[in-house]
Amino acid sequence: MIRAFMVFGTLVLGAFTYGTYTGASFTPYDELKDVPKSIRNNPGVYRSVYSRLPHK
Amino acid sequence: MIKVNCPSCGASVPFQSTHSIQAVCEHCNSTLVRHDVNVEDIGKMATLQVDASPIQLGTRGEYRGVSFSVVGRIQLHFDRGIWNEWHLTFNDGRSGWLGEAQGTYAVSFLEKVDDSIPDFAQLNSKKNVTLRKLPFHVENVEHARCIGGQGELPFHVAGGYDAPVADLVGADGAFATIDYSEEHPLVFIGEYVEFDDLRLTNLREFDSWTNKITPKVKAFQCISCGSPVTQRAFLQTISISCPACGCVIDISNENLKIISTFDSRTKVKPQIPLGTRGTLKDGEFEVIGFLQRSISVEGVEYSWREYLLFNPFKGFRWLSEYNGHWNYIRSTFHRPKIIGNNDVHFDGEEFRHFQSATATVDYVIGEFYWRVRFGESSVVSDFIAPPRMLSVERTDNEMSYSVGEYIEPKELINAFALKTPLPSRIGVGAIQPSPYKELTEKVGMLTLLFVTLALAIQILTLALSQDKLVYQADMAYKAGDAETSRVSDIFELTGHPSNVMVRTNANVNNSWIYLSMALINDDTGTAYDFGREIGYYSGTDSDGAWTEGNRTDDVFLPSIPAGHYYFRLEPEGAASTSYSIAIYRDVPRWWLFLATIGFLLLLPLGVVWKKRNFESLRWSESDHPMSKLINSEGEDDE
């Protein structure tokens, strides 16, 4: 059991270190590739595809 | 060494010790008394009783680093049999005594004391006596009789004399004897010692023990039923149970008498048969007696079984069995110190009170070193510090102490080469070692290590993170606008892939605003889309003022690579409102640290729970069950 706990603890610490380094978060978001450069000039042409969070 | 010739037979008689004034001629048993250079024959020494002492004249040993030789002895008869005082001559010139009875050994020296010595008639087992500023407790008061002497002695021993003596016990095994056989009581002070610690050599040999032959030192017919009865324990026991009719016979002298009778129809079979030998923790022992005792608690009878073990050199030990749990027990002359709450301190450890009850003898077979009686009772108090137990047993006349240690059944099976399995263990034994104790310690140490590492990582993160404001703007939303979307200026995110915190603050009141947001990498065209709603409501009702929601919202996007970014916002809401946005890079957070600690504590908490459960079972049959403690604590709180 001690060996299993050592493995478990090491994995948890490893995950913690990685998560802390990369700034892990549970925020739901969508990642889109290659959005057009024209958005900066005409932000209205972009329509967010994000739709997970219901709103009024 | 001085050698003289026996005036009676002419044999050479040595005086090895300068302290010796009397010697008994080994050839003709004449008692020789030394007067300077002459010796006087004062007659024949009384014949000593045959005993089973492993010590003899010429035995050598060591006490506290000083070697000694056994040069003489006096033999005394007391209520429980024979007791020898062996006269020792030490290499450093001292003269001392090795008291020996039923496998118990004590070394003492004649001391001159200025303390007031109580009269013999005043002594009882409740008396405390101070000797050389040390407190002693009277343990035993005996009207012993000196049967005779052997070898060299520092005083005259004629054909026997009455010896009123008191044995006293002090702290840490200290021992004292007050001998009232002379006009002025003689005080001997010393300590109890272990047989092995004396490193004795040139001991008597017991062929029947060495060759594992069942000894028949004494065989006779039962005075109740006429069946043959054999004594195993080399004359060191004083009562024996007839295997046929079950009556217990006093064999302390030639006048055999029945001590008590048992119902011969009641049979309890020992798990380890009488006569079986086994090598346990401190030597080889033979099972010579078996008894069953019981206590009654709130109308429920609890019984356990005890096995008396014997070794001619080391004396007696016990094995006790209850619910399949076995304890290996030996007497102790070390006394505990009471430390409150009925707990005691003993041998460097705290022992907690477990149970006190009146135990009654239900069944007996074999032989014993006391006069065991059916139905005899004693008050037994047990104190535990698993895997050890300290037991105090009180009768009207004496108080005895013993120390037990838990022994695994498989260890007994191996030690006694038992062919039949021992009863399965039920529940948790009073001093059964907790399998979770060591595990708890190891898991605790590991948990501490992991938590320390996690804390170190967290502190390092706090110290090294950028926590940098990279963009900030105030904006406004006008309800009814056809186009509400906005983009920010380009800002730079640096460093390793890390989080980005977007903090929005909206001046909403009993309203809401929803922000569709996208963090867009101008270099790669990758967009991170998300949405947040900010709402804040307040009012009053019958319970008073209330609020709901928050005007500020923080959201974290993970693992955002370095690059040039801009932000796109598209608000919608019920009413026009102003809002602000601030973007931070590489913000340290605590939630992951706390979650990590939580994960790391899962197993330790489980082990602690299992350990507590185990202890709860252990204490369930004690005077202090844990559930009762919890309940009583709860009642106290109320």
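1. Which residue of chain A forms a salt bridge with B:Asp522? The partner is A:Lys37, and the closest N and O atoms are 3.7 Å apart. The structure is a predicted model, so please read each point below with that in mind. The count between chain A and chain B is one salt bridge. The cut-off for a salt bridge is 4 Å, and the A:Lys37 to B:Asp522 pair, at 3.7 Å, meets it.

2. The interface, in numbers. On the chain A side, 43 residues are in contact with 58 residues of chain B. The two chains bury about 4,400 Å² between them. Of that area, 65% is on carbon and sulfur atoms. Interface size is often given in this way, as the accessible area lost when the parts come together. Ten residue pairs are in polar contact across the interface of chain A and chain B, both residues being at pLDDT 80 or more. Two elements of chain A, helix H1 (2-22) and strand E1 (30-32), each supply at least two residues of the side that touches chain B. H1(A) gives the most, with 14 residues. By type, the residues of this side of chain A divide into 23 nonpolar, twelve polar and eight charged.

3. E1(A) pairs with strand E37 (residues 527-541) of chain B. The sense is antiparallel, over three bridges. One pair to look up is A:Leu32, whose bridge partner in E37(B) is B:Ala527.

4. An open sheet in chain B. Four strands make it, in the order E32-E41-E35-E39, with antiparallel pairing. Why is one side of E32 and of E39 left without a neighbour in the sheet? Strand E32 (468-477) and strand E39 (552-560) stand at the edges and have a single partner strand each, so one side of each has no neighbour there. Neighbouring strands of this sheet are turned by 15° against each other on average, direction ignored. Further in, strand E35 (residues 498-506) and strand E41 (residues 577-585) of chain B run antiparallel and are joined by seven bridges. Within that pairing, B:Asn505 stands opposite B:Ser580 in E41(B).

5. Strand E28 (349-368) of chain B and its partners. Several pairings involve this strand.
   - E27(B) joins E28(B) through three bridges, antiparallel. Here B:Val344 has B:Phe351 as its bridge partner.
   - E29(B) joins E28(B) through eight bridges, again antiparallel.
   - Strand E22 (residues 283-297) of chain B joins E28(B) through six bridges, running antiparallel. B:Gln292 has B:Tyr363 as its bridge partner.
   - Strand E18 (residues 239-241) of chain B joins E28(B) through two bridges, also antiparallel. B:Ile240 stands opposite B:Glu367.

6. The turn at B:Asp347. E27(B) and E28(B) form a hairpin with two residues between them. B:Asp347 lies in the loop between these strands. Is its phi positive or negative? The phi of B:Asp347 is positive, at about 50°, although the residue is not a glycine. Most residues other than glycine have a negative phi. I would check this turn in the viewer.

7. A salt bridge from that turn. The side chains of B:Asp347 and B:Arg388 meet in a salt bridge, 3.0 Å from N to O. B:Arg388 lies in strand E30 of chain B and B:Asp347 in the loop between E27 and E28, so the pair ties together parts that are 41 residues apart in sequence. Over all chains, the count comes to 26 salt bridges.

8. A cis peptide bond. The bond from B:Pro386 to B:Pro387 is cis, with omega near 10°. Most peptide bonds are trans. B:Pro387 sits in the loop between strand E29 (377-385) and E30 of chain B.

9. Strand E31 (residues 399-407) of chain B and two partners. Strand E30 (residues 388-394) of chain B pairs with E31(B) in the antiparallel sense over seven bridges. Strand E25 (residues 325-331) of chain B also runs antiparallel to E31(B), joined by six bridges.

Key
Residues numbered from 1 in each chain as written. Chains lettered and ligands numbered in written order. Predicted model: local features only at pLDDT ≥ 70, side-chain atom pairs only at ≥ 80, totals over all residues. Heavy atoms only, no water. Contact = heavy atoms within 4.5 Å. Buried area = accessible area lost by both parts, 1.4 Å probe. Polar contact = N/O pair within 3.5 Å; in protein donor to acceptor, adjacent residues only side chain to side chain. Nonpolar A, V, L, I, M, F, W, Y, C, P; charged D, E, K, R; others polar. Pairing = 2+ DSSP bridges. Axes fitted to C-alpha atoms, helices over the stretch in contact; angles between N-to-C directions.
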